[in-house]
Amino acid sequence: MTARRTSLIRRRKALGHSQESLAAALQVAVSTVARWERGESDPRPWQRPNLA
């Protein structure tokens with residue numbers, strides 16, 4: 001797992017978000033968050049400011 005993926009997971013958990021709650025906050029599917037964390041895809045450019 002890359003450092004970026006590990007950082008995303010660690011930060012999500014530190015903020016108290018589950019994959020489900022993060023997906024709801026970003027208005028994406030839970031499977032989308034899971035794919036980001038597995039490294040199968042990256043957040044789209046317009047999603048990155050909200051993710052940050």
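Q: Which helix gives the most to the lining of the largest pocket?
A: This is a predicted model, and in it α1, α2 and α4 each supply at least two residues of that lining. One of them gives six residues, the most, and that's α1.

Q: How many residues line the largest pocket, and which lie nearest its centre?
A: About 360 Å³ of space lies in this pocket. The lining divides into seven nonpolar, three polar and six charged residues. In total 16 residues line the pocket, and those nearest its centre are S7, L8, R11, L51 and A52.

Q: What should the span of helix α1 be, and how far apart are its end C-alpha atoms?
A: Helix α1 runs over residues 3–14, which makes twelve residues.

Q: Which residues of α1 are buried?
A: Start on the other side of the helix, where A3, R10, R11 and A14 are exposed. What covers the buried residues includes α2 (19–26), α3 (30–38) and α4 (48–51). The buried ones themselves are R5, L8, I9 and R12. Seen down the axis of α1, they fall within an arc of 90 degrees, so what they line is one face of the helix.

Q: Is R12 buried or exposed?
A: R12 sits in helix α1. Leaving out residues up to four places away in sequence, R12 touches H17, S18, Q19, L22 and E37. The cut-off for buried is under 20% relative accessible area. R12 has a relative accessibility of 10%, so R12 counts as buried.

Q: Which residues are buried in α2?
A: On the other side of α2, A24 and A25 are exposed. The cover over the buried residues of α2 includes α1, α3 and α4. Those buried residues are L22, A23 and L26. Seen down the axis of α2, they fall within an arc of 100 degrees, so they too line one face of the helix.

Methods
Residues are numbered from 1 along each chain as its sequence is written. This is a predicted model: local features need pLDDT of at least 70, side-chain atom pairs count only at pLDDT 80 or more; totals for chains, interfaces and linings use all residues. Side-chain values use heavy atoms; hydrogens and water are left out. Helices (H or I, at least four residues) and strands (E, at least two) are DSSP runs, numbered from the N terminus. The expected span of a helix is 1.5 Å times one less than its number of residues. Buried means under 20% relative accessible area, exposed over 50%, partly exposed in between (1.4 Å probe, protein chains only). The arc is that of the directions from the helix axis to the C-beta atoms. Contact means heavy atoms within 4.5 Å. On a 1 Å grid over the protein atoms alone, a cavity is a set of points where a 1.4 Å probe fits but cannot get out, and a pocket is an open set with protein on both sides within 12 Å along at least five of seven lines; lining residues have an atom within 4 Å of a point. Grid points are joined across faces, edges and corners, and a volume is the space filled by probe spheres set on the points. Ala, Val, Leu, Ile, Met, Phe, Trp, Tyr, Cys and Pro count as nonpolar, Asp, Glu, Lys and Arg as charged, and the others, Gly among them, as polar.
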